[in-house]
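Biologist: Hi! Could you walk me through this protein? I'd like to start with the overall picture and then go into a few details.

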Amino acid sequence: LAQGQPLSSVASSLTCFRAPTSLATMGKDSHLVSHVNTWFWPSFTLVGTSSVLYGVYIGKITNSHEWKEIFLDYCHHKRTTHSPNPLDKIARTVLGLLRIAPK
C-alpha cells in the first residue's frame with residue numbers, strides 16, 4: 001500500500017474483491033473467456049504417474065524384483081488362505097497342530 005493511496009483504490013484493483021458480475025454486464029467484460037483450459041495438469045499427472053509406475057516396473061527407479069516377489073507372496077498367501085483346495089486345508093491344520101504341540 002503506497003502512502004497516500006486510499007484503500008478503496010487498492011481493493012478495486014484486486015480481482016478477488018470485485019463484486020459479482022451481473023448477467024447484464026457479463027457480455028461487456030472483455031477479460032472473461034468462455035472456456036477454461038484444464039487439459040494440461042490432468043494430462044501431466046497421468047503421464048507422470050504412469051511413467052513412474054513403468055520405471056518401477058522395469059527396475060530403473062527401484063529394485064522392482066523385490067516388489068514383484070512381495071506381490072507374488074501376497075497373492076499366494078491370499079490364494080491359499082481364502083480359496084484353499086482340500087490338501088492345503090489339511091496341511092494348514094497339521095501345521096497348526098504341530099505349532100501348538102509340546103516339543
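**Surface and overall make-up**

Modeller: Happy to! The protein exposes about 9,700 Å², and 67% of that is supplied by carbon and sulfur atoms. Please keep in mind that this is a predicted model.

Biologist: Thanks! How much of the protein counts as buried?

Modeller: Of its 103 residues, 3% count as buried.

Biologist: And how many helices and strands are there?

Modeller: There are five helices and zero strands. Read from the N terminus, the order of elements is α-α-α-α-α.

Biologist: Let's switch to aromatics. How many aromatic pairs turn up in the whole structure?

Modeller: The search finds four aromatic pairs. One of them is Trp39 with Phe40, whose ring centres are 5.8 Å apart with the planes at 85°, so this pair is edge-to-face.

Biologist: Why does 85° make it edge-to-face?

Modeller: Because planes over 60 degrees apart count as edge-to-face, and the rings of Trp39 and Phe40 are at 85°.

Biologist: Nice. Are those two residues buried or exposed?

Modeller: Trp39 is exposed, with a relative accessible area of 54%. Phe40 counts as partly exposed, at 39% relative accessibility.

Biologist: What about Trp41 and Phe44, how are their rings arranged?

Modeller: The rings of Trp41 and Phe44 have centres 5.4 Å apart and planes at 85°, so that pair is edge-to-face.

Biologist: Where do Trp41 and Phe44 sit along the helix?

Modeller: Both are in helix H3, which covers residues 40-58. Trp41 and Phe44 are three residues apart there, so about one helical turn separates them.

Biologist: And how accessible are Trp41 and Phe44?

Modeller: Trp41 counts as exposed at 56% relative accessibility, while Phe44 is partly exposed with a relative accessible area of 48%.

Biologist: Which residues make up the aromatic cluster?

Modeller: Trp39, Phe40, Trp41 and Phe44 form one cluster.

Biologist: Great. New topic: where is Thr80?

Modeller: Thr80 lies in helix H4, residues 64-82.

Biologist: Is Thr80 buried or exposed, and why do you call it that?

Modeller: Thr80 is buried, because its relative accessible area is 14% and the cut-off for buried is under 20%.

Biologist: Which residues does Thr80 touch?

Modeller: Leaving aside residues up to four places away in sequence, Thr80 touches Asp88 and Arg92.

Biologist: How far apart are Thr80 and Arg92?

Modeller: In sequence they are 12 residues apart, and in space 9.6 Å from C-alpha to C-alpha.

Methods:
Residues are numbered from 1 along each chain as its sequence is written. This is a predicted model: local features need pLDDT of at least 70, side-chain atom pairs count only at pLDDT 80 or more; totals for chains, interfaces and linings use all residues. Side-chain values use heavy atoms; hydrogens and water are left out. Helices (H or I, at least four residues) and strands (E, at least two) are DSSP runs, numbered from the N terminus. Buried means under 20% relative accessible area, exposed over 50%, partly exposed in between (1.4 Å probe, protein chains only). Contact means heavy atoms within 4.5 Å. Accessible areas come from the Shrake-Rupley method with a 1.4 Å probe; for residues, only the protein chains shown count as cover. Rings of Phe, Tyr and Trp (its six-membered ring) pair if their centres lie within 6.5 Å; planes under 30 degrees apart count as stacked, over 60 as edge-to-face and the rest as tilted.
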